[in-house]
Structure formats: structure tokens, C-alpha cells
Amino acid sequence: MKVTKPLLLFAISAIAVLIQGCDSREKKVVRTSYLAIKGADTAILKLTITGTQFIGQYEVNYHGSFKDSGDVKGAIKGDTLIGDYHFQHYGLEKWFRGPIALLKKDGRLILGTGMLENYLGISYFKKGAPIDYSAPKFIFQKSY
């Protein structure tokens, strides 16, 4: 049987579609909003989680007089969300970037702190240094 070029291209295309269809696993997308209040400060965190990645918005209102607001993104490793927070401080044109770490515990997210290093004006958690969740600035509760 002689195989023609169009027949060969069709067969290769069909096989490629089948392989891609078998390999593509739909990732579950979860959107959740959180609220945290500590003293006169309030924080709102809206997350979209897809597989082991997260993106979202984070806003901190300080005493109702000024705020930081921007985007968060990062990876989920076990029960920890770790990434960065790209934000603008109220009234300033400059954007800042810093690390963020959240521990999932009992349906809440606990904001962690850690030793920071700075490179080219961007802060990062120091590699190898632990992140502390014992005295968090915020503990986020789901706010449906």
C-alpha cells in the first residue's frame, strides 16, 4: 500500500491530538477571598489557586488612613504558599516588591515573617533561614 503525503500528515496530526488529549489534565481552579483584622489594621487577600501555583490581590489598610495594595503570585509547597508581593504604597508612584509566605492551618492562612536579603532593591527571604509563623501580623479567615 502506497502512503501519500496528505495521508501521512493526517495520521501524524491525529496521533498528536490523541497524545495531547491523553496528557492534558485539567487543573482545578480555586478562588477564595480572605480577611484578617489585627487592631485597627485590616487585610484583604483574594487568591486564585491552579495546581501548585497561586496569583491574587493583597491589600492592607493601616488604621483606615493609608494602604498598600498590589498583586501576589507564587508556588504552593505542601501547606505553604510562598511567593512575592508587588505593591504600591498609598500616595506614592513607586512600586515595591517583597516576599510573602502563608501557612495553611485549620482552614486559615497565617502570614509568616523571616530574615530578608536585598538584591537590586528587591527583598527576598534569606535562603536556608526559617520562616516564623508564631507571631503573625495577620491570620486570614475565609470571607465567602
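Colleague: Which residue in β2 is the bridge partner of L35?
Modeller: First, this is a predicted model, where local features need pLDDT of at least 70, side-chain atom pairs need 80 or more, and totals for chains, interfaces and linings take every residue. Numbering starts from 1 along each chain as its sequence is written, and side-chain values use heavy atoms, leaving out hydrogens and water. Strand β1 (residues 29-38) pairs with β2 in the antiparallel sense over 10 bridges (a pair needs at least two DSSP bridges). The β2 residue bridged to L35 is I44.

Colleague: In what order do the eight strands close into a barrel?
Modeller: The pairing in the barrel is antiparallel. Two hairpins belong to the picture: β1 and β2 have two residues between them, with G39 in the turn at a positive phi of about 60°, and β2 and β3 also have two residues between them, with G51 at about 65°. The barrel order is β1-β2-β3-β4-β5-β6-β7-β12.

Colleague: Which residue of β3 is the bridge partner of T48?
Modeller: Strand β2 (residues 41-50) runs antiparallel to strand β3 (residues 53-62), and nine bridges join them. Elsewhere in this pair, A43 stands opposite V60. For T48, the bridge partner is I55.

Colleague: Which residues make up the uncovered face of β2?
Modeller: In a regular strand, side chains alternate between the two faces of the sheet. On the covered face of β2 you find D41, A43, L45, L47 and I49. The uncovered face has T42, I44, K46, T48 and T50.

Colleague: How many residues does β6 give to the lining of the largest pocket?
Modeller: The largest pocket has a volume of about 400 Å³ (a pocket is an open set of points on a 1 Å grid over the protein atoms alone where a 1.4 Å probe fits, with protein on both sides within 12 Å along at least five of seven lines; lining residues have an atom within 4 Å of a point, and volume is the space filled by probe spheres on the points, joined across faces, edges and corners). It is lined by 21 residues, and closest to its centre are Y58, Y85, F87, P99 and L111. Elements giving two or more lining residues are β3, β5 (80-89), β6 (95-105), β8 (113-114) and β10. The largest share comes from β6, with six residues.

Colleague: Why does S123 count as buried?
Modeller: S123 lies in strand β10 (residues 122-125). It touches R97, G98, P99, L116, E117 and N118, leaving aside residues up to four places away in sequence (a contact is heavy atoms within 4.5 Å). Buried means under 20% relative accessible area, exposed over 50% and partly exposed in between, with a 1.4 Å probe and protein chains only. S123 counts as buried because its relative accessibility is 19%.

Colleague: How far apart are the C-alpha atoms of F125 and P99?
Modeller: F125, also in β10, is buried, with a relative accessible area of 17%. Its contacts beyond four places in sequence include I82, P99, I100 and I131. F125 and P99 are 26 residues apart along the chain, yet their C-alpha atoms are separated by 6.4 Å.

Colleague: Is N118 buried or exposed?
Modeller: N118 lies in strand β9 (residues 116-119). From N118 to G98 is 20 residues in sequence and 9.3 Å in space, C-alpha to C-alpha. With a relative accessible area of 55%, N118 is exposed.

How values were computed: Helices (H or I, at least four residues) and strands (E, at least two) are DSSP runs, numbered from the N terminus.
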